[in-house]
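The stops below are given in the order to select them.

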Amino acid sequence: MTASIAMFVVGLAIGAAGGWTVEHHGGARHVLASIGRAAGIAEPATPTAAPIAGAGTSIPATQHATRTSVAANPALYASWAPPADVPSTGVLLEEQIPGTVSHFAARPALVYLPPAALVAHPPALPVVVLLSGQSRDASPDDLELQGHLSTMMDAIASTNRGLAPIVVVPDQLETGTNNPMCVDGPLGNSRTYLTRDVPNWIRAHLAVQTAASAWTIGGFSQGGTCAIQLGAGLPNLFGNIIDVSGELGPTLGTVDTTVQKGFRGDFSAYEAAQPGAEMAAHGRYSGEQTYFTAAQLDTVYGPAMPVVSAMAAKAGMSVTTMEIPHARHDWAMASGAIASGLRWLMPRIGLQPPERARLFRRLQ
């Protein structure tokens, strides 16, 4: 079993067990994989790149026809009776989300529709917006090619009678080497794209729940930094945050370079974009759910997690943290951490079977 798949299985097991903090468990890989098997989570086969349907052409007509005004449905799993036409797996699509308001030149996004979204009369589902990291050649495709998104989501749906959130992976970068830092500035209006254009497109094209409690923003590395920035700044849009190895705040390396290139020399704008400043500007939170992870051997990004998570807790957010043992800052770790975060999320968005939740508590 490759390191990436091993960490993916660990992530499913950790998340299934309710977000167990594992920093003091040296044998966590073996133990958590065993928990996953006991809980009925099959170890996935080594994934290959999933076929991705062409841009802008493949959203099922039933999604358009059944868009609703459902705000949130925390009891969806309890009321869901899978119809005869529910497929065994979801689909991964490539869709162009235009920068109508932001004029951000985004590359195509990935959209995962779970089995429950593919039936003749699909229910309104929760939404997860996931963001890749930023590095040479980084793109939304990284979540599938390196993070195994469709395999991960199909595994989650298979244990929940086809239910899982709809996942949208937009491009927050424009190019692999660009880093707009999820703010509006000279490197692109990434913040407006992610907080106006992307949500507007999701609501216009997909049958989704609309309340903040049903919307999650998450990401890895730079994407994790964006998640806590935007989630802290707009809790009325994103009620849940999954920050996988994010940074202390938006950065291009040094403060001076960041201010000059990303904020047109405006230091006050740079300060206001920091997660701590976003939290302070908002005031006391109520109901915001956050999940922070870091890799045990990551000495560059890892130290940010206890700092940012402590700020979130002080501001009133509900905080869960997890350190992944023997892991580094790479996609093997990120895939498992995202899987863990999504398992943590499931009961919070009404997609967790009650009997399995009781089983996981006993396994802990």
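This is a predicted model. Start by selecting Asn-179 and showing what surrounds it: leaving aside residues up to four places away in sequence, Asn-179 touches Gln-134, Leu-173, Leu-187, Gln-222, Thr-251 and Leu-252.

Asn-179 sits in the loop that runs between strand S4 (166-169) and strand S5 (184-185). Is Asn-179 buried or exposed? Its relative accessibility is 9%, and buried means under 20%, so Asn-179 counts as buried.

One goes to the backbone nitrogen of Met-181, at 2.9 Å. Another goes to the backbone oxygen of Thr-251, at 3.5 Å; Thr-251 is also among the residues that Asn-179 touches.

Next, select S4. Ile-166 and Val-168 lie on one side of the strand, Val-167 and Val-169 on the other, and all four are buried, which leaves both faces covered.

Strand S2 (residues 109-113) pairs with S4 in the antiparallel sense over three bridges, and Leu-110 is found opposite Val-169. Strand S3 (residues 127-131) pairs with S4 in the parallel sense, also over three bridges; here Val-129 is opposite Val-168.

Last, select helix H7 (residues 190-205) and draw a distance between its end C-alpha atoms. Then colour H7 by burial: the buried residues include Ser-190, Tyr-193, Leu-194, Asp-197, Val-198, Trp-201 and Ile-202.

Notes. Residues are numbered from 1 along each chain as its sequence is written. This is a predicted model: local features need pLDDT of at least 70, side-chain atom pairs count only at pLDDT 80 or more; totals for chains, interfaces and linings use all residues. Side-chain values use heavy atoms; hydrogens and water are left out. Helices (H or I, at least four residues) and strands (E, at least two) are DSSP runs, numbered from the N terminus. Buried means under 20% relative accessible area, exposed over 50%, partly exposed in between (1.4 Å probe, protein chains only). A polar contact is a pair of N or O atoms within 3.5 Å; within protein, one must be able to donate a hydrogen and the other to accept it, and residues adjacent in sequence count only if both atoms are side-chain atoms. Contact means heavy atoms within 4.5 Å. Two strands pair if DSSP finds at least two bridges between them.
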